[in-house]
Amino acid sequence: MVMLAEKMRLKLLSGSNNQASGATEDELGTKEEMQDWLLSVGIASPVTKESAGALYHQQLSRQLADFVKIPLDRAGGTINLIDIYCLFNRARGTELISPDDLLQACSLWEKFDVPVMLRKFDSGVMVIQSKTHSDDEVFSRIRSLVTKPDALRSGISASDAAMTLGVAPAMAKEYLLTAEGKGLLCRDVSPDGFRFYINLFQEINADDMYLVRDYSIYAAWIKHCTSR
């Protein structure tokens, strides 16, 4: 069963690269079900300290890089380190690894030619990310969200961004904070939590504070905030 699952997994990985974008809902649903089954079956030959010896962390690192491809694909290119720890240990059955082993295995990826990497946000949150993942694409989707009429008036929360990006709220918050650091957003902190707004300061002319350029985001903000 495990060998069969391994063949199915390899077929899924090759199919995700070659499959046309016009797949039907039934085909996508079948693919999701197969991915769930594969994650439940487990790893054929989990790397252990007894079998690998001094090369334990190096071999564990390569096996982990191969394992995370399907979860990463489902999560949109980025997944929380804690989630991978749970998924990986579930797949290993009784051969559990420690959090330190997982972190050390991830840290070795920079020495290997693998398509994934360990990323640490400014807040300290660590995630596993595909090297093909682009923050620019994420920021573009966030910008589209915060420039909607309702968002111009009341901002967005991490939950709002999570629904748009298709990630967990905690991950969405990290992206929002990163976008703030890039100057795309401004943050408001209240008893209700964080609210993020489009950064209008970049559009304000310091020499003429009252100048409003036509068709600018600043003009749209004024329009929607005064139309209530």
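**Notes on helix packing, rings and charges**

1. Let's start with two helices. H4 and H6 pack with their axes 11 Å apart, at an angle of about 105 degrees. Angles from 65 to 115 degrees count as roughly perpendicular, and H4 and H6 are therefore roughly perpendicular to each other. Keep in mind as you look around that this is a predicted model.

2. Who touches whom here? On the H4 side, the residues are Leu 60, Gln 63, Leu 64 and Phe 67. They meet Ile 84, Leu 87, Phe 88, Ala 91 and Arg 92 of H6.

3. Next, the aromatic rings. The structure has three aromatic pairs. One of them is Phe 67 with Phe 88, a tilted pair with 5.2 Å from centre to centre and 55 degrees between the planes. This pair links distant parts of the chain, since Phe 67 belongs to helix H4 (residues 56-67) and Phe 88 to helix H6 (residues 81-92), 21 residues apart. Both names also turn up in the contact list between H4 and H6.

4. Another ring pair is worth a look: Phe 121 and Tyr 175 are arranged edge-to-face, with 85 degrees between the planes and 5.8 Å between the centres. Phe 121 sits in the loop between strand S2 (116-120) and strand S3 (126-130), while Tyr 175 is in helix H11 (residues 169-181). The two are 54 residues apart, so here too a pair links distant parts of the chain. Phe 121 and Tyr 175 are both buried.

5. Some rings have a charged neighbour over the face. Arg 62 lies over Phe 112 in this way, 4.0 Å from the ring centre.

6. A search of the whole structure turns up five salt bridges. Among them is the one between Arg 153 and Asp 150, where the closest N and O atoms are 2.6 Å apart. Both residues are in helix H9 (residues 149-154), and because they are three residues apart there, about one helical turn separates them. Arg 153 is partly exposed, with a relative accessible area of 29%, whereas Asp 150 counts as exposed at 52%.

7. Where does a salt bridge tie together parts that are 35 residues apart in sequence? Look at Asp 160 and Arg 195, whose side chains meet at 4.0 Å, N to O. Asp 160 lies in helix H10 (residues 158-165) and Arg 195 in strand S5 (residues 193-198), so this pair ties a helix to a strand. Asp 160 is partly exposed, with a relative accessible area of 29%, and Arg 195 also counts as partly exposed, at 24% relative accessibility.

Notes:
Residues are numbered from 1 along each chain as its sequence is written. This is a predicted model: local features need pLDDT of at least 70, side-chain atom pairs count only at pLDDT 80 or more; totals for chains, interfaces and linings use all residues. Side-chain values use heavy atoms; hydrogens and water are left out. Rings of Phe, Tyr and Trp (its six-membered ring) pair if their centres lie within 6.5 Å; planes under 30 degrees apart count as stacked, over 60 as edge-to-face and the rest as tilted. Helices (H or I, at least four residues) and strands (E, at least two) are DSSP runs, numbered from the N terminus. Buried means under 20% relative accessible area, exposed over 50%, partly exposed in between (1.4 Å probe, protein chains only). A charge sits over a ring if NZ of Lys or CZ of Arg is within 6 Å of the ring centre and within 35 degrees of the ring normal. Axes are lines fitted to C-alpha atoms, for helices over the stretch in contact, and angles run from 0 to 180 degrees between N-to-C directions. Angles under 35 degrees count as roughly parallel, over 145 as roughly antiparallel, 65 to 115 as roughly perpendicular and the rest as oblique. Contact means heavy atoms within 4.5 Å.
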